[in-house]
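The report below goes through a predicted model one part at a time. Please keep the sequence and the structure in view while reading.

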Amino acid sequence: MSTLFTEPFFTALVLGALTAGLPLLLAGLGEQISEKAGVLNIGIEGMMLAGAYGGFLVAYHTGSIWLGYLGGALGGMAVATPMAVLCIRLGLSQIVIGMALTLGAEGTTALLHHFQFAQSYPRLPAVATLAIPGLSAIPVIGPALFDRPPIVYLAILAVFLTAYVFRSTHLGLALQAAGDKPEALDAAGVDVVRLRSLAVLATGCLAGVGGAFMAEVGAGIFVPFMTNGAGFIGIVLAMQARGRPFGVLWGALLFGACLSAATALQVAGVSIPTDVVQMLPFVAVLAVLVLLGRKASLPPALGVHYVRGGR
Amino acid sequence: MNQPRAASPPPPASPLSEPRPVISLDSVTRRFPGALALDRVTFDLWPGEVHVLLGENGAGKSTLVALLSGLHQPDAGSIRVDGRAVRIDTPARALDLGIGTVFQHSMLVPSLSVVDNMALGGAWWARPDRAGLARRMALVGAEIGITIDPAAKVGALSLGERQQVEIVRALLRGSRVILLDEATAMLTPQGAGKLGELVGRLAKRGIAVVFITHKLDEALAIGHRITVLRLGRKVGEIAPDRLASLGPAAATTEIVRLMFGSDDLTAPTAAPRRDRMAPPPLLVIEGLAVDDPVVPLAGIDLAVAPGEIVGIAGMDGNGQKQFAEAVAGQRRLAAGRITLGGTSLERLDVGGRRRQGLRYVTDDRLGEGTIGSFPLSLNLLLKDVGEPPFWQGGLERPEAIAAHARRLVEAYDVRTPGISAPIDTLSGGNVQKALLARELSGAARAVIFAKPTNGLDLQSARAARQHVRETANQGRAVILLSTDLDELLELSDRIAVMSRGRIVGMVANDEAARSRLGALMSGVAA
């Protein structure tokens, strides 16, 4: 057994946790913004998938990883826009529309993939990493944490930035008010519909980048349905984080570790059926919901359409 | 500057030199589907004055607040602020005009601190200036004599404290007009007293305060000027000098007359029922008590003879609904006995009491009274679902149900496109007729009517009153809960007054009844 917990094992585990957890982090962060503003964004799975497709498409054609992320963000926002119009402006059910958008995005990207890439299955070249001098030399965690593609550092930065915005800006107060008591925000002169729409677009943007990361960095390829529930795990992350961005970060790393355990265990040469290992993250989701589900405090106006003067 | 100067340049307004209203409403009308919420209401608001708007529920008070705070727009008429016609189309616009509103339901975000609530609405990228706001809050608070912890979470504050926060916030935003919508409705008497003092201090600072209430004693204690609304119309205004010269007693009489005074449109459907000989009571309620977080009931005794109508008067929300539900079996009794013709009811559930002949015609007609999407025919049998002859062995018998529905539609003159029309497509008057048909048919022996004409047009109201009277004429015991004094005086043999969950007096319906009821309702007489 002592041969199991070797340095390569831990490096693979931590690295895998970060690679698999990053899309979850971006999705969870995005979902948190929507939920804070009072929008239950079920369409986030579709936004991620559209982002994965958009990111891969742009990166493949331009050869630029950064334009790929931009493509991913646009893909996510392309799904977020109908959500904003139908649910926030027109007041349709957020759950029904969210599911419809997810199913729609799955079908559309699978279809486009079938015509464009199904014959050749092109791969993207490996993404260059940015080693942070000094820190990357630390054993075990150094190569895993501080020798990563730059987008990883930006995503971590986004956690700090979101935390700052939530805590220390008028925007953060307004988002909180939109989810807690939208009529109070309206009375204070802030356009609730606009704010919520922007929140949904921000979610689309972050989820889209998360999806693009999966395609560009994680897999190097676009495969239909490749997000495989990551967006839904993001919803769980946002709920258990109770409005705190760092809660999403820890949750994402935990789930990422579960996802990467398969790879790490293979590196260590242990043979557990992969089906069992692949079940881990979803078992973890259930465990988290059982343990923390009752403590999850959701905004009172979550999922409730706001109409001025309506009671 | 603001306006092109006229020949004689107006000096920068000193309120004393040229007094003019801050806000004037000119023939303002607001319609809602099927209702006229405000009908050509005109009134002025003066700086440094507490202007009380007094009226029953549905008088149009809250609609008026909604118009001034930018939640609704008038359909006709104009609103002037400082003499200029304005359109208040958003809440933000109302704030810009210096109109701050403290709504009946708190408009603060519970999960944010007091100071963060004040900061709401600032430039999005900026850091809220929490320290600065807290300082200014303390300053304004000191001026009007209140202190609030700026770091406290609003969710942890009492209702009274939340109102203080809202008033301070309105002042911080430069409001010259503060609207208080039913601000005392959920306060303790001490809390209400404190708020009254605070409002007085605001007026001394030159703020115009609109104080909305349906409590007469508060209006007299706090108001400088009193406007009375009734069914969307302004029925009277008592100016400050007049109010001062009248004195509390005479002012009370005057206001009671205005609030409940005779109204040409509601001509009686028959002469008042008086001098009825009362046989032994049919429905007897003894020592009834109900636990309720808002209005607990205690020690209610009432006996109703067959063929008698006992009215229950009182301002809305004094326990009438709790009382009706307790008697009907929809609420648990804390204590007390109810007997109907010698059979004791208090251990029976709703269905059991109904089988004994006790009926309750609710005022929540579309809520608990009917199921909106169900056809009229089923709504007419809502309390007999599964019973023969309409259901047999668990199966519906459509012909029996339809025949029953057609008979009742005919007998009660329900105007409907057909018996299979969903009941929520019917007008309020016809829904009420259907409800009456359901409750009064069969073996009814005692009937409780809760505000039977509430929200109905005149013709439907007349029909409903006629049904109340006929119910009694058929020898049934009738309890009539109403906030409309005219209706009670027209129909009842005796009238009890309910206040804060107790019966505070019982009056025989004679010539002096109106003034004695007014006194009882306003709390002047004990």
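## A strand and its partners in chain B

Which strand is joined to β21(B) by four bridges, and do the two run parallel or antiparallel? The partner is strand β13 of chain B, residues 309–313, and the two strands run parallel. Within this pairing, I312(B) has A496(B) of β21(B) as its bridge partner.

Strand β21(B) also pairs with strand β22 of chain B, residues 502–508, here in the antiparallel sense and over six bridges. A496(B) takes part in this pairing as well, with M506(B) as its bridge partner in β22(B). The strands β21(B) and β22(B) form a hairpin with two residues between them, and R500(B), which lies in the turn, has a positive phi of about 50°. Strand β21(B) itself, spanning residues 494–499, is mostly covered, with five of its six residues buried.

## Chain A as a whole

Chain A contains twelve helices and two strands, which follow one another along the sequence in the pattern α-α-α-α-β-α-β-α-α-α-α-α-α-α. Its radius of gyration is 20 Å, close to the 19 Å that the globule rule gives for 311 residues, so chain A is as compact as a globular protein of that length.

Taken along the principal axes, the C-alpha atoms of chain A fill a box of roughly 65 × 45 × 40 Å. Of the 311 residues in this chain, 50% count as buried. Among the contacts in chain A with a separation of 6 or more, 78% are accounted for by residues 24 or more positions apart.

## Helix α4 of chain A

Helix α4 of chain A covers residues 94–116, 23 residues in total, and reaches 32 Å from its first C-alpha to its last, which is close to the 33 Å expected at 1.5 Å a residue. The buried residues in α4(A) are Q94(A), I97(A), G98(A), L101(A), T102(A), A105(A) and T109(A). What covers these buried residues includes two other helices of chain A, α2 (44–62) and α3 (65–89).

## Where chain A touches chain B

The contact between the two chains takes 20 residues from chain A and 23 residues from chain B. On the side of chain A that touches chain B, the elements that give two or more residues are α7 (170–180) and α8 (182–187) of chain A, and the largest share, seven residues, comes from α7(A). By residue type, this side of chain A divides into nine nonpolar, six polar and five charged residues.

Terms used. Residues numbered from 1 in each chain as written. Chains lettered and ligands numbered in written order. Predicted model: local features only at pLDDT ≥ 70, side-chain atom pairs only at ≥ 80, totals over all residues. Buried ≥ 20, exposed ≤ 12 C-beta atoms within 10 Å, placed from the backbone. Pairing = 2+ DSSP bridges. Contact = placed C-beta atoms within 7 Å. Nonpolar A, V, L, I, M, F, W, Y, C, P; charged D, E, K, R; others polar. Expected span 1.5 Å × (residues − 1). Rg over C-alpha atoms; globule rule 2.2 N^0.38 Å.
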